[in-house]
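Hi everyone, thanks for making time this morning. I'd like to walk you through one model, so please have a look at it on the screen.

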Amino acid sequence: MDEPFTTFMTTESYTDPSDYSDDYDTGPTENTGMCDRSWVRMFRGQYEPPLFWIIFILGAVGNLMVVWIYTTVRNRLKTMTDVYLLNLAIADLLFLCMLPFWAVDAIKGWDFGISLCKMVSAIYKINFFSSMLLLTCISVDRYIAIVQVTKAQNLKKKRLFYSKLACLGVWFVSTLLALPEFVFAQVKTDHNGRSFCTLVYWNNVNNRTKILVLSLQICMGFCLPLLVMVFCYSVIIRTLLQARNFEKHKALRVIFAVVFVFVLSQLPFNSLLIVEATQAANTTMTECNIVIGFDIAGQVAKSLAYTHACLNPFLYVFIGVRFREDLLKIVKTCVGCLGSGGLTKIQAVPKRPSVMSDTDTTPALSI
């Protein structure tokens, strides 16, 4: 335990699975002067592993299907959103690959060494940020395709090139934002000899390093995407309501689903991070029962935020009419060709317009 009893709220407490602080394993309060949070460790060991495996399996199936459709069936990226969705699926897959490590860590502690601790923590955070920023790019692209139709058509070829540059920028920025994970991730051992991969910040004045890291995560991982999504989709909704001969209810259903799931999964987690940053600057929580309750809430909010990785394929792809039709055609082709010629005919499925077509306004939000 590196911090005094009064500094309960730490990024290691609930920021992500890697941030499982050894202060959960301090001895009884009356013996050490610190809060006994071993019950949080027990809760995490029972709650997180099965949930992480469910998220991993569902997310892997959904995102692998997206990658397979784009790289095999369609064999070509036609629009900006195609590029963003493919990168989003890859980011989610890389993020999901980290969950088995955290599931094992929740049960038996970290037995993978400090190098893998730093690597897994950094890769996790890279893909966390990249997922959020790619969702932001998709919102901007839908705004351009629907609100700025003429400009979108005139710059169609350039937009595809710009989307690839944007993806490179997203991965680069996400890597920079994940550097603190690589720098501060350490393997700590509790009084029971159990090791944990956690973040250990420098002991500087007023916890400035910790506050800076948390502020960057909150701003880039939630506030910026949310503000952009609210602006873009607000203007899109107004544009759709003014359109004629358009199935508004279907498009609006997709928009509301996207915004609702994003806010529902990310708002609790980031709200707790804001409280944690405030606590790092000015400690106000000193009672054990409040701290433990907050830690439990943090674990639940964190897990809820992770579900976005398995919901993305269904939200941005599988609820879309065009992608769903592609999948149905593939299934029918598979069934039809099993008895005559094998599965090689799958690639012969006629290619429909893109998932979120830029060619016209009507299907743009039917995905």
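Let me start with a definition: I call a residue buried if its relative accessible area is under 20%, exposed if it is over 50%, and partly exposed in between, using a 1.4 Å probe and protein chains only. A word on the source: this is a predicted model, so local features need pLDDT of at least 70, side-chain atom pairs count only at pLDDT 80 or more, and totals for chains, interfaces and linings use all residues. Residues are numbered from 1 along each chain as its sequence is written, and side-chain values use heavy atoms, with hydrogens and water left out.

First, the overview. The chain has 367 residues, and 53% of them count as buried. It holds 13 helices and two strands; these are DSSP runs numbered from the N terminus, H or I over at least four residues for helices and E over at least two for strands. With contact meaning heavy atoms within 4.5 Å, take the contacts between residues at least 6 apart in sequence: 77% of them join residues at least 24 apart.

Now the salt bridges. I count one when a side-chain nitrogen of Lys or Arg is within 4 Å of a carboxyl oxygen of Asp or Glu. How many salt bridges does the structure hold? Four. One of them pairs lysine 302 with glutamate 48, with the closest N and O atoms 2.2 Å apart. Lysine 302 sits in helix α11 (residues 288-306) and glutamate 48 in helix α3, so the pair links parts of the chain 254 residues apart. Are these two buried or exposed? Lysine 302 counts as buried because its relative accessibility is 1%, and glutamate 48 is buried at 0%.

Another bridge joins lysine 125 and glutamate 181, at 2.7 Å between the closest N and O atoms. Here helix α5 carries lysine 125 and helix α8 (residues 179-184) carries glutamate 181, 56 residues apart. Both lysine 125 and glutamate 181 are buried. Then there is arginine 142 with aspartate 141, at 2.7 Å from N to O. Arginine 142 is buried at 0% relative accessibility, and aspartate 141 is buried at 1%.

On to the nonpolar cores, by which I mean sets of buried Ala, Val, Leu, Ile, Met, Phe, Trp, Tyr and Cys residues joined through side-chain atoms within 4.5 Å. The largest has 37 residues, and Tyr84, Leu134 and Tyr233 are among those with the most contacts inside it. Elements giving two or more residues to this core include α4 (80-108), α5 (113-147) and α9 (208-242). Which element gives the most? That is α9, with 10 residues. Tyrosine 84 is in contact with Leu134, Cys137 and Asp141, among others, leaving aside neighbours within four places in sequence. Apart from this core lies another of 33 residues, including Met98 and Cys117.

How do α5 and α9 pack? Their axes are 9 Å apart, at an angle of about 20°. The axes are lines fitted to C-alpha atoms, for helices over the stretch in contact, and angles run from 0 to 180 degrees between N-to-C directions. Angles under 35 degrees count as roughly parallel, so α5 is roughly parallel to α9.

Finally, phenylalanine 112 lies in the loop between α4 and α5. At 32% relative accessibility, phenylalanine 112 counts as partly exposed. Phenylalanine 112 touches Phe101 and Val104, not counting residues up to four places away in sequence.

Conventions. Parallel < 35°, antiparallel > 145°, perpendicular 65-115°, else oblique.
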